[in-house]
Amino acid sequence: MCATRPIAGRTRVEHQARLALRAGARHIVILVAALPPALTAASDRMRRDGLGIEIARDLADAVDRIL
């Protein structure tokens, strides 16, 4: 999975989420078809760091989390 490949000591999804938050995003919704252990660990790390992220499993779930 591309999202869990490492970049600068973090997963790609962590790197992108942190960049978005630095750019002004207040809430991140990550849409995934599957939730492998590496992605679960990355989302746990981001939450522990106080980042406002949520995992959505399908488009309807993502829309509900955004609105």
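Entry 1, ground rules. I number residues from 1 along each chain as its sequence is written, and side-chain values use heavy atoms, without hydrogens and water. As the model is predicted, local features need pLDDT of at least 70 and side-chain atom pairs count only at pLDDT 80 or more, while totals for chains, interfaces and linings use all residues.

The axes of helix 1 (residues 12-22) and helix 2 (residues 37-48) come within 9 Å and cross at roughly 30 degrees; the axes are lines fitted to C-alpha atoms over the stretch in contact, with angles from 0 to 180 degrees between N-to-C directions. The two helices are therefore roughly parallel (angles under 35 degrees). Helix 1 gives Val13, Glu14, Ala17 and Arg18 to the contact, and helix 2 gives Leu39, Ala42, Arg45 and Met46 (contact means heavy atoms within 4.5 Å).

Leaving aside neighbours within four places in sequence, I found Val13 in contact with Ala3, Ile30, Leu39, Ala42 and Met46.

I placed Ala62 in helix 3 (residues 59-66). At 7% relative accessibility, Ala62 counts as buried (under 20% relative accessible area, 1.4 Å probe, protein chains only). Not counting residues up to four places away in sequence, Ala62 touches Val29, Leu31 and Ala56. Ala62 and Val32 are 30 residues apart in sequence and 9.6 Å apart in space, C-alpha to C-alpha.

The largest nonpolar core has 12 residues, among them Val13, Ala17, Val32 and Leu39 (a set of buried Ala, Val, Leu, Ile, Met, Phe, Trp, Tyr and Cys residues joined through side-chain atoms within 4.5 Å). At least two residues of this core come from each of helix 1, strand 3 (28-31), helix 2 and strand 4 (53-56).

Conventions:
Helix = DSSP H or I, 4+ residues; strand = E, 2+ residues; numbered from the N terminus. Parallel < 35°, antiparallel > 145°, perpendicular 65-115°, else oblique. Buried < 20%, exposed > 50% of the residue type's maximum accessible area, 1.4 Å probe, protein only.
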